[in-house]
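Subject: Structure for you to look at

Hello,

Here is the structure I said I would pass on. Please open it first, then read the notes below with it on screen.

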Amino acid sequence: MVLARRLGQAISALENYLLSHQRQQDMDQLNAIRDDYRLMADYWQRGFDDPGREQVYDQLLRRLFVLTQQVDSRWLLAESPYLKAIHQRPRKARTDWAMPTMRASMEAFVSEVTMLELEPEHTRRQKSDALYREHAGLMRDLFDYIVTSRPWRENLADAFIDMLLSPTLASIDQQLIVSAIMLSAMLTFCQQKLRVLCEVYRQATDEPLRQRALVGWVFVLHAAPAGADTLYTELRQTVAGLCADERTAAELAELQMQLVYCLQADADRDTIQKEILPDIMSGSRLQMTRGGLVEMDEDTLDDILHPEASEQAVERMEQSVRRMADMQRQGADIYFGGFSQMKRFPFFSDISNWFVPFYSQHPGISQTWNGARAGRFLKTITRLGAFCDSDKYSFVLAFNLVLDRLPKNMLQMIEQGEATAMPVGGEVAIEEQRTPAFIRRAYLQNLFRFFRLFPSRSEFPAPFDELRGIVFFAHPLLRQDALAKPMLSVARFLLKRRCYGEALSVLQNMPETGHDFQYYMLMGSVLQHHAPLSSPFTPLGCYRRALELQPGNERALAGLARALYAEGSLDEALTTYNQLLALKPEQKSYQMGAAVCLLNLEKADEALKQLFKLSYLYPDDASVSRLLAWAQTLSGKYEQADKLYTQLLAADQPQPADLLNRGYCLWFDRRIAEAAEAFRRFLKTQQNEHFSIADEFLVTSHQLLRQRGITDTEIQLMMDASLGLGS
């Protein structure tokens, strides 16, 4: 009700809630808001003209919204044992949470780290460990404190902005705080926390901090309650100002695409485990056993008898390694499948460790890092691999366990620094790791692992549960003229991946200034695959509008021809295909499109002329053979058609539709038993549980069957025979 601006009703509703969930401080704040509202209403009822009435009403709405969010935050803590625990722990551990105190502690840490260089070598390590251990405890407490903090006031938000932009603090600390603010504002929306993230993104010069702030404000904005911008109108101005910057517009588009790649991690994992890793392992000399990896004898009898097989295995291995590297360069999360099994260390029971940037002095890994038997190998692979921070911590924690399972000679080479560290997926140059896109992708992979693998993840919003949950380009506040071109890029990206509903939501959010030729082409293509019940656009209308903007455009004509055919306007579709053939007479797809129109216009003989020509030019094209076979079926040339269907069904992966159409061909030729068998085989291939042979015979093809003299009784008999009934 607050976001709907119904102040009086919202006050009454909150009062009813507080009467059953007594907390005097909340009731006192509500009474103060209600008293001010009544005073304003009293002046209005008396007829006084108050030029500041609208401003006062907005202020009261904001005060009530903040109070509502505070109540909601306390309700979350009361309902969640986990959130309650991380709320209480830092507040019990420390009593002074004043901003000056926190900032002074973090600045003192930076100074003390600098002073460590002056310490003697024999005491430096011990003092360093103690210093980092104490500071890690402080940052853990601060992270938990921020995550479970109530909505902030403006002055507190200003203090955080100043602290996060200060050069006197460690970037690692600032990045961790930004993540905590994001998580807190996703739990309970707070406009001031969102403002902090926006300002840090706008002003920060440290790239990792800036990219975390970008992801943070986008996630919080996308998770904000609908209508928040009507209450906080300055939010519109903030977002518009950010989007007006060309760099921001480009980064938002990159971020949107990277989020889609994140959701493909499960599919990428399956591809790697089923297709890539088997080739890599088969090409290596290692074999996994219960005792670990065992190096096989090079002079095996198989190598002597079949040397070419070994060479082929090595070649397949190299191709698979290159394939993983290509996947990684394109944005795939190639390490999720492997490292998802390595998040059960006690290290990851602490929520802040899912978000802390990787640093070797972290108390959770410093002992392993400094005491590793193969320190050079460990440092090289974590430095050059495309690992996110979370996976780097996993790798270090599991490192000694991995070493113990390696063959002795390989272990010796690693420990002596003779083995070269090469991460699967290839090395990534340090320069590339410093780019905004790489930094952002690694951070998103951190978030993906947290929201998918953290034991208490159900206590938090789940942005990665479905694709629609991360398509923030559909958010109304991003309906900005400056984002028109990036929106087109994102929509094209989604369409390419067959995310039709999501592509449509982005296009529907496009400002009208972006409704150009490319927009209508994309919208037409999307609507051909995903047509909502109510839409101001149709594929036909989109392609006609595109042709108005670019008359005679070939792609628009091709889209129009497909749309006309889909709507049943066969004569006009044929005319359009003929226009296309006038432009490109040898274009196979246009010839086939025209032939299909002729078939549906019951001009099979004309269609056959084109199809025989295509069959001669493309004898191995199954789509041409398929269409020719159906044309011959409709022309009564059943024997010729059956020969083609037999060839099509002999393929490695025959199309179910060929079985169906062969059934019709045999039925029309009165080869009833063979037709029934073809239909039975077709039904066995059907994965769609909604498919019905009754609908196929009595609706889809009913007119065609009756034209061939097949009665309804015969249709029923064939239906029963296809289902194996009555035999």
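Start with phenylalanine 464, which counts as buried at 3% relative accessibility; this, like everything below, comes from a predicted model. Where in the chain do phenylalanine 448 and phenylalanine 464 sit? Phenylalanine 448 belongs to helix H23 (residues 436-453), while phenylalanine 464 is in the loop between H23 and helix H24 (484-496). The two are 16 residues apart, and the pair links distant parts of the chain.

A pair of aromatic rings is described by two values, the distance of the centres and the angle of the planes. How many aromatic pairs does a search of the whole structure find? The count is 42. One of them is formed by tryptophan 152 and phenylalanine 160, with 4.3 Å from centre to centre and 10° between the planes, and this pair is stacked. Tryptophan 152 has a relative accessible area of 7%, which is under 20%, so this residue is buried. Phenylalanine 160 is buried as well, at 5% relative accessibility.

Rings also turn up with charged side chains. Lysine 588 lies over the face of tyrosine 618, 4.9 Å from the ring centre. In another place, the charged end of arginine 708 sits over the ring of phenylalanine 668, at 5.5 Å from the centre of that ring.

Next, the cysteines. How many disulfides does the structure hold? It holds 0. Take cysteine 198 as an example: the nearest cysteine sulfur belongs to cysteine 243 and is 9.4 Å away. A disulfide needs the two sulfur atoms within 2.5 Å, and cysteine 198 is in no disulfide. Cysteine 198 counts as buried at 3% relative accessibility. Cysteine 190 is buried too, with a relative accessible area of 3%.

Then there is the backbone. Most residues other than glycine have a negative phi. Arginine 5 is not a glycine, yet its phi is positive, at about 70°. Arginine 5 lies in the segment before helix H1 (7-20). Is arginine 5 buried, partly exposed or exposed? Its relative accessible area is 29%, which falls between 20% and 50%, so arginine 5 is partly exposed.

Glutamate 602 also has a positive phi, near 60°, and is a residue other than glycine. Glutamate 602 is found in the loop between helix H30 (588-600) and helix H31 (604-617). At 59% relative accessibility, over the 50% limit, glutamate 602 counts as exposed.

Last, the protein as a whole. Its secondary structure comes to 38 helices and 2 strands. The protein has 727 residues, of which 48% count as buried. Among contacts with a separation of 6 or more, 68% are between residues 24 or more positions apart. The accessible surface comes to about 36300 Å², and 51% of this area belongs to carbon and sulfur atoms.

Regards

Technical notes: Residues numbered from 1 in each chain as written. Predicted model: local features only at pLDDT ≥ 70, side-chain atom pairs only at ≥ 80, totals over all residues. Heavy atoms only, no water. Helix = DSSP H or I, 4+ residues; strand = E, 2+ residues; numbered from the N terminus. Buried < 20%, exposed > 50% of the residue type's maximum accessible area, 1.4 Å probe, protein only. Phe/Tyr/Trp six-rings, centres within 6.5 Å; stacked < 30°, edge-to-face > 60°. Lys NZ or Arg CZ within 6 Å of the ring centre and 35° of its normal. Contact = heavy atoms within 4.5 Å. Areas by Shrake-Rupley, 256 points an atom, 1.4 Å probe, with all protein chains shown as cover.
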